[in-house]
Amino acid sequence: MQLSIIVPTYNEAPNVAELVRRVCAALERVAVESAAGEPGIPGGFEAEIVFVDDSTDATPDVIREVAASASLPVRLIHRTIATGGLGGAVLEGFTAAESDACLVIDGDLQHPPEKIPELWERFSRGDVDVVVGSRYAGGGTSHGLADRTRVLVSKVSTAVTRAMFPIRLKDVSDPMTGFFLIDRRAVDQAMLRPRGFKILLEILARRPLRVAEVPFDFADRHAGESKASVRQGVHFLTQLTALRFGKMSLFAVIGGLGAVANVAIVWALTQLGVGYIVAAIIAAEATIIGNFLLQERFVFHDMRHSAASGWLRFAKSFTFNNAEALVRIPIIALMVESWHFSAVVATALTLVVAFFVRFVFHSLVVYAP
Ligand code: GDD
Ligand code: MN
């Protein structure tokens, strides 16, 4: 089997029959083309549809009924506990899927099944981990967003999100889409914390992936109502904060530990009769090295495999931290002498600024993808 089509559903009874019909029709085309030896599409194409359903209406019955006569195998996972909502359902679909290639599509036909062959064709070239169905790439549209407010919310949140992850989302015009085809082996499920709707964002933000996009027209709902809500909006904001600042707060904690260790080492060495300057230098270098090891292990562990070699990362981090410690001294002097800051305030301010600069430098340079 080459492709598993995962459909998360929550009360989509009037939509699933039409969805299965259109998915089957679209994939029959792929199967016929591959039998004819179309370049880029391997022969003997097989696919399945996996519904991951949390419905309280007749959706599961309709799915079972449709499954009996569909031209593709249709499986139903009906969950009694809807862990993680839509995002959790998608991850459960990844686990249950027969194939590594997993295409996620909404159950309400806002994502056109006729686009699946194009996503598959792009994916099967084999040079990317994920193909994103995008409303905002050239040729895509978002006209199915119900009203002006949702259009605005979608555009603004997409822009903010992309600004917060300038590197990871560099090639992704629509990180909030629910229509994508991914190699599930590229997804580190243990690291994901699915909360609500934005599972693709969670996947892309946690790990550097190779991405391609295919534009599509986000259509009107076939029937029923959207399950998006203010609650989903709150989920999204929590998710964004955790994804972005989770790293930064860990970085801060490790920096804080380093500062404490620094003082402790100076104290211990001076007790042993080592001169103050030498003790300070040894303590500074020891904490710089210790912090680097902790950051590697706990903060940037997911970015290591795509970054330069361990020694090169160390060299960059070590050089930067030493340079920064040296540069800070004349800056403090300047603040105290010329601008009449107290020494404590000047030191504290430079440490805060240094913290952000250090974080940005490590994210963008030391662990550059
Ligand atoms: N299993 C499961 N559990 N499925 C769910 C749940 C849930 O708790 N909540 C929603 N779904 C299913 C719906 O049944 C539908 O198939 C799909 O997820 C999308 O839900 P909609 O209610 O249609 O949401 P939408 O159209 O507002 O949101 C879509 O577009 C957004 C972009 O504007 C989704 O694709 C979002 O992922 C996407 O961000
Ligand atoms: Mn929808």
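How many helices and strands are there in the chain? There are 10 helices and 7 strands. Both are DSSP runs numbered from the N terminus, with helices being H or I of at least four residues and strands E of at least two. This is a predicted model, in which local features need pLDDT of at least 70, side-chain atom pairs count only at pLDDT 80 or more, and totals for chains, interfaces and linings use all residues. Residues are numbered from 1 along each chain as its sequence is written, while chains are lettered from A and ligands numbered from 1 in the order in which they are written.

Start with the whole chain. Its C-alpha atoms fill a box of roughly 85 × 45 × 40 Å along the principal axes. Of the 369 residues, 33% are buried, meaning that 20 or more other C-beta atoms, placed from the backbone, lie within 10 Å of the residue's own.

Now the sheet. The 7 strands form an open, mixed sheet in the order β3-β2-β1-β4-β6-β5-β7. Its edges are β3 (74-78) and β7 (211-215), each pairing on one side only. The twist averages 20° from one strand to the next. Two strands count as paired if DSSP finds at least two bridges between them.

Follow β4 next. On one side, β4 runs parallel to β1, joined by 3 bridges; Ser-4 stands opposite Cys-102 there. β4 (residues 101-104) also pairs with β6 (residues 180-183), in the antiparallel sense over 4 bridges. Here Cys-102 faces Ile-182, and Val-104 has Phe-180 as its bridge partner. Both faces of β4 are covered. Ala-101 and Leu-103 are buried on one side, Cys-102 and Val-104 on the other.

Then the core. The largest nonpolar core has 61 residues, and Ile-5, Ile-6, Leu-103, Phe-180 and Leu-181 touch the most other members. Such a core is a set of buried Ala, Val, Leu, Ile, Met, Phe, Trp, Tyr and Cys residues joined through C-beta atoms within 7 Å. Beyond its neighbours within four places in sequence, Ile-6 is in contact with Val-50, Val-52, Val-90, Gly-93, Ala-97, Cys-102, Leu-103 and Val-104. Contact requires C-beta atoms, placed from the backbone, within 7 Å.

Finally, ligand 1. It is surrounded by 23 residues, the closest being Ala-89, Gly-107, Gly-178, Lys-227 and Ala-228; a residue is near if its C-beta atom, placed from the backbone, lies within 6 Å. β1 (3-9), β2 (47-53) and α3 (85-96) each supply at least two residues of this shell. The most come from α3, with 3 residues.

Methods: A residue is buried if 20 or more other C-beta atoms lie within 10 Å of its own, exposed if 12 or fewer, and partly exposed in between; C-beta atoms are placed from the backbone. Two residues are in contact if their C-beta atoms, placed from the backbone, lie within 7 Å. Axes are lines fitted to C-alpha atoms, for helices over the stretch in contact, and angles run from 0 to 180 degrees between N-to-C directions.
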